[in-house]
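Let's walk through a few backbone and packing details together, in questions and answers.

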Amino acid sequence: MYYDGVVEHMDQLIAESNHTSGLLTMSRYGDWCSLQQGKGCRKASALVSSFYFIIQMDALAAAANTLGKTADVAKYTELAQKTRAAFQTAFYDSSAKMYVSPSLGPQTSVPLALFLGVVPAADLEAVVGNLVDDIVTTNQYHMNTGIVGTKYILPMLSTHGHHDLAMALASQTTFPSWGYMVMQTATTLWESWEGSQYNAVSSRNHIMFGGQGSWYYQYIAGLNVAPMSKGWESILIAPQITPEIPGVGGGLDAVDATIITQRGSLRSSWEMSSPTVCAMVAEKETANIACGDPNQKITSIDFASFGTPQGTCGNFSVFNCSAKDSMDKVKAACIGQNNCSIMASTTFFGGDPCIDVRKSLAIQAACSLSSPYTMRVSIPVGSTASVRTPLPKGTTSSDWTVSEGTTTVWKANAFVAGDPGVSAATAASTYIEFTVGSGSYVFTLGKAD
């Protein structure tokens, strides 16, 4: 019943499509409320309508395949392929390596093309590079998408090697951004990027710019249904963790996400290991700096001041006075050590930087990482999962061991059997993938011997 109705709808769209160009040029809203469109939210777009025309044909062909309707599979698969070719012919500028359409900018046109898989392999790097340039250079790390581009830009950046840029867009706080809405005291999403706390341009309670919501679950937490799986029977957990980015995790210290499936609760969480240690003591007391793991070493002193430092760990600063050799003396005593103790005294620092003033000593140090992160997953009853533990940039699977709980499951660049829930493991260029059954697991990376 439902299938027949969808077929009728699709056949009506096919009838209304342009039989010369092969595109669905009928369009009403386009990329609604895109700043690229200028004043006004409604700007028709054949690129947007043709994009969804293809997506619907793909979905209908998949449904037909599940139902065993082989003639419909062939019909809608062929039409989708022809429309993809028409899309490419109409909108791709091969010399500029850009998808071009009136009222749309690269931040919408390129992600839609990437999602459809129509970008020529030889041009892929250049096309993505042009998208990145538009975000970074032209728009200064801001989005100018409407509701359609907003849904696809973050996933496509993460998919094509620019998860850090997707994170930057998601955490932006100046106009236009989600953070800007929050800074304007918004507690719900707005219909438009525009407006302020005192100037409502459009609806203040719309899901219009909420299409990116799945990106948080699928890319940051990594919760995905495996391809062709039914009812979460097979699961892929593939979080994008970037421990090589200062600030930890590409701007995040930890992530914890849960989806309630028909089989039970599915959870993925990860927490970065913090290499920062701090101490702040009053004059004539001892500041103790110690790395949490006996195998770690103090690799840098990021702040040291004997005098009148202020602030807290991560935000220390000099107030009025500071012994001029504070950094050098603390570095000499601590670098390369697992721990060190510094007396906050004029004797150690070679004089009194501010006579008759109550002084203190503040130190912030960084330790080497023995483990970049810990990853926890819970798989519901009756499901199996592939769990990908990301590798820090510039390293390979041979650089790491992996333990599940207290059991080693990866060593010497090979799977180690012994954990009853972990049945196999393979390595790729950017991750190590473990096959697990239902249950809860804790995976920790450690430096190989």
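Q: In which loop does Met228 lie?
A: This is a predicted model, where local features need pLDDT of at least 70, side-chain atom pairs count only at pLDDT 80 or more, and totals for chains, interfaces and linings use all residues. Residues are numbered from 1 along each chain as its sequence is written, and side-chain values use heavy atoms, leaving out hydrogens and water. Strands (E, at least two residues) and helices (H or I, at least four) are DSSP runs numbered from the N terminus. Met228 sits in the loop between E3 and E4.

Q: Is Met228 buried or exposed?
A: Buried means under 20% relative accessible area, exposed over 50%, and partly exposed in between (1.4 Å probe, protein chains only). Because its relative accessibility is 76%, Met228 counts as exposed.

Q: What is the phi of Met228?
A: Most residues other than glycine have a negative phi. Met228 is not a glycine, yet its phi is positive, at about 70°.

Q: Where in helix H6 does the kink lie?
A: The bend at a residue is the angle between axes fitted to the seven residues ending there and the seven starting there. In H6 (residues 147-159) a kink of about 30° comes shortly before the proline Pro155, at Ile153.

Q: How many residues of H6 are buried?
A: Among the buried ones are Tyr152, Ile153 and Pro155. H6 is mostly covered, the buried count being 10 of its 13 residues.

Q: What is the omega of the peptide bond from Phe175 to Pro176?
A: Pro176 is found in the loop between H7 and H8. The bond from Phe175 to Pro176 is cis, with omega near -5°.
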